Amino acid sequence: MERRDKYNYYLDIAQTVAARGTCLRRNFGAIIVKNDQIISTGYVGAPRGRQNCCDLGYCTREKFNIPRGQRYEMCRSVHAEQNAIIHASRADMLGATLYLVGLECSTGNYVVGANPCSLCKRMIINAGIAQVVVRDTRDQFRIIDVQRDYVEKDESLDEIKGY
C-alpha cells in the first residue's frame, strides 16, 4: 500500500469535513494544522440555530444567479475557513497551515481554482496562519504563502473580487 504524502493526507481529511457542509451550491472543508496536530476543523453551514440551505431547499445565491466570488452577504452560511478559525485560539494558529478543499454540489467535482474569499483571506491573515494549501485534484494542490500572497499582494487595492 502506498502512503499518501502529508499534504494530501490533510487534504483528504479536509475533504471528509467538507461532506458535512450544508450548502446546496459548493461545500468546503477546512482544517488548521500546526506541528502535525489538527487544531480545528470547519465546514460551510448556517450560523447555529438558523436553518441551513439544505433545510430550506434552496441556495439564495443560486436562486438569484449570483456569480461566484460576488455578493457574499447574500449567503446564509459561515465559510469553512471562518468556522475553523473561530473554533481555535490565535496562539494555536500562529504559524499554522490551513488546508482547504471545495466540492461542487451538483457534480461532486473539485471546485476549479478554489481560493478563500477576500473576507476569509483577511481572517486568515489576522489569525496568524502562515500558509494555505488548496486542493485542485485528488493529488494536486497549491501552497499559498500568506505573507507573500495575501499581505504583500493586497488584491483589495486592485478591486479583485473574491475567488
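## Basis

In this predicted model, local features need pLDDT of at least 70 and side-chain atom pairs count only at pLDDT 80 or more, while totals for chains, interfaces and linings use all residues. Residues are numbered from 1 along each chain as its sequence is written, and side-chain values use heavy atoms, with hydrogens and water left out.

## Positive phi angles

Aspartate 36 is not a glycine, yet its phi is positive, at about 60 degrees. The loop that holds aspartate 36 runs between β1 (26–34) and β2 (37–43). Helices (H or I, at least four residues) and strands (E, at least two) are DSSP runs, numbered from the N terminus. Aspartate 36 counts as partly exposed because its relative accessibility is 48%; buried means under 20% relative accessible area, exposed over 50%, and partly exposed in between (1.4 Å probe, protein chains only).

Arginine 71, also a residue other than glycine, has a positive phi near 55 degrees. Arginine 71 sits in the loop between α3 (60–63) and α4 (80–86). Its relative accessibility is 45%, so arginine 71 counts as partly exposed.

## Largest pocket

A pocket is an open set of points on a 1 Å grid over the protein atoms alone, where a 1.4 Å probe fits, with protein on both sides within 12 Å along at least five of seven lines; lining residues have an atom within 4 Å of a point. The lining of the largest pocket consists of 13 residues, and Tyr43, Gly45, Ala46, Arg48 and Asn83 lie nearest its centre. β2 and α4 are the elements that give two or more residues to this lining, with the largest share, three residues, coming from β2.
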